[in-house]
Protein chains: 2
Amino acid sequence: MPSRGSHDRETVYRILDAGFLASVGFCKDGQPFVIPTLYGRKGDKLYLHGSAASRLLCELEAGLPVCVCVTLVDGLVLSRSAFHHSMNYRSVVAFGTAHSIEEPVSKIEALRIISEHLVPGRWKEVRGPSEQELRATKVLEFPIDEASAKVRTGPPLEDASDYGLPVWAGVLPLAMRCAAPIPDEQLADGIELPDYVRLHDLRLNGATKG
Amino acid sequence: MPSRGSHDRETVYRILDAGFLASVGFCKDGQPFVIPTLYGRKGDKLYLHGSAASRLLCELEAGLPVCVCVTLVDGLVLSRSAFHHSMNYRSVVAFGTAHSIEEPVSKIEALRIISEHLVPGRWKEVRGPSEQELRATKVLEFPIDEASAKVRTGPPLEDASDYGLPVWAGVLPLAMRCAAPIPDEQLADGIELPDYVRLHDLRLNGATKG
């Protein structure tokens, strides 16, 4: 549905910032691979990270064309006919080529961007990466060459003759939500749940009201 | 992490049945494409559908190798060090080749499988597809040639020397949840919310307790 599509940069960024999980696709000898991974964004760049031994990251680092897809599900659209059932969602499909970040300061900054994308406020509290950990981590920068967003919102669209059918119709809103945080069993006494964790659900909830 | 992986068929099926959104990847002239789409499963086959004009489905129907990725996010794992942060998740990556279902009875049955996968109980209530609607819909069958599952559960794994750090650590559970259903504004009087919609959240909630 072309009417759902957009190449508007702000729309693309808003969707990328509301999500945190990407499906990353690449081809090897004509065979497609799609791997889920976390990400962060700054400007027109996405940052991915993982084990230095990761197959995905080693393939991508070789300069293959990459497609990154982020999808946020906002609801199931239940129409009176099978045909008009749909999904409310926001998605971005982005194309480009990734490269590895080797320089330590830039590498740590990219890791900070990913961390702050996932749980804002966390980075400054935790123990930062050691030299050995940094070597064991691969960080890729993915400049977005081209991207498109698709968004569907609202109620079912029906054939006029279907409105009279005695069938419930409407939208079943869906969103990623947090449950109560589970403290680690070895948590030292007196360490309270930080506000940035407590507020995470609100952030998710706000972010998914697109 | 090889220890998280599994080729066990029941594990793969359980994850596919708990999800409903797939990221479908294919290659064209070395360029990867990843597109989000709903799906259903029966046995070792996935079913995808969309507009007969859909670029994705037309490409896939041509017999290209396909990679289907389904990921369920179960939580963010907050460790005391930046390095050991992780995600609890269940994912499946499946490989195969799709083909179009043309025969009307099989095509309708595949649509029923997708519908029942998304909202069990819905199919028998709604107006079924007309001949014209059926022609406007493409339905693909994707036999799974090979698949692997990955699952991470549980608390953060820490370096022994990090347990004493004064940093909150634990798991922030995440799950796809329903909010209150939004009835269509043109809903006829006296049509009540069906039980299968009311129970959808319980199903999702149960399904994400992996």
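Q: Where in chain A is Pro166(A) found?
A: In this predicted model, Pro166(A) lies in the loop that runs between strand E9 (137–152) and strand E10 (170–178) of chain A.

Q: Why is Pro166(A) called exposed?
A: A residue counts as exposed if 12 or fewer other C-beta atoms lie within 10 Å of its own, and Pro166(A) has 9 C-beta neighbours inside 10 Å, so it counts as exposed.

Q: What is Pro166(A) in contact with, once its neighbours within four places in sequence are left aside?
A: Contact asks for C-beta atoms within 7 Å, and the residues in contact with Pro166(A) on these terms are Ala188(B) and Ile191(B). Within its own chain, Pro166(A) is 86 residues from Arg80(A) in sequence, while the C-alpha atoms of the two are 8.3 Å apart in space.

Q: How many residues does each chain bring to the contact between chain A and chain B?
A: The contact takes 74 residues from chain A and 74 residues from chain B. On the side of chain B that touches chain A, the elements giving two or more residues include strand E2 (21–28), strand E3 (31–38), helix H3 (104–118) and strand E10 (170–178) of chain B. E10(B) provides the largest share of that side, namely nine residues. By class, the side of chain B that touches chain A is made up of 51 nonpolar, 14 polar and nine charged residues.

Q: What makes strand E11 (residues 182–183) of chain A and E10(B) a pair?
A: Two strands pair if there are at least two bridges between them, and E11 of chain A and E10(B) have two bridges, in the antiparallel sense. One of the residues involved is Pro183(A), whose bridge partner in E10(B) is Gly170(B).

Q: Why are the two copies said to be related as by a two-fold rotation axis?
A: Chain B is superposed on chain A by a rotation of 180° with 0.0 Å of shift along its axis, and the RMSD is 0.0 Å; the two copies are thus related as by a two-fold rotation axis. In keeping with this, the same surface serves both copies, as 100% of the contact residues of chain B recur in chain A. Of the residues of chain B, the one that comes closest to the rotation axis is Met176(B), with its C-alpha at 2.2 Å.

Q: What makes E2(B) a strand that is mostly covered?
A: A residue is buried if 20 or more other C-beta atoms lie within 10 Å of its own, and seven of the eight residues of E2(B) are buried.

Q: Which strands of chain B pair with E2(B)?
A: E2(B) pairs in the antiparallel sense with E3(B) over eight bridges, and Leu21(B) stands opposite Leu38(B) in E3(B). The hairpin of these two strands has two residues between them, and there Asp29(B) takes a positive phi near 55°. E2(B) also pairs with E6(B), in the antiparallel sense and over three bridges, with Gly25(B) standing opposite Cys67(B). Cys67(B) in turn has Phe95(B) in E7(B) as a bridge partner, and E6(B) and E7(B) pair in the antiparallel sense over 12 bridges.

Q: Which residues have the most contacts inside the largest nonpolar core?
A: This core has 120 residues, and Val92(B) and Val92(A) are among those with the most contacts inside it. Leaving aside its neighbours within four places in sequence, Val92(B) is in contact with Val12(B), Ile15(B), Leu16(B), Val70(B), Ala147(B) and Ala149(B). Val92(B) also stands opposite Ala149(B) in E9(B), a strand that E7(B) joins through eight bridges in an antiparallel run.

Technical notes. Residues are numbered from 1 along each chain as its sequence is written. Chains are lettered from A and ligands numbered from 1 in the order in which they are written. This is a predicted model: local features need pLDDT of at least 70, side-chain atom pairs count only at pLDDT 80 or more; totals for chains, interfaces and linings use all residues. Two residues are in contact if their C-beta atoms, placed from the backbone, lie within 7 Å. Helices (H or I, at least four residues) and strands (E, at least two) are DSSP runs, numbered from the N terminus. Ala, Val, Leu, Ile, Met, Phe, Trp, Tyr, Cys and Pro count as nonpolar, Asp, Glu, Lys and Arg as charged, and the others, Gly among them, as polar. Copies are superposed by least squares on the C-alpha atoms of residues with pLDDT of at least 70 in both. A nonpolar core is a set of buried Ala, Val, Leu, Ile, Met, Phe, Trp, Tyr and Cys residues joined through C-beta atoms within 7 Å.
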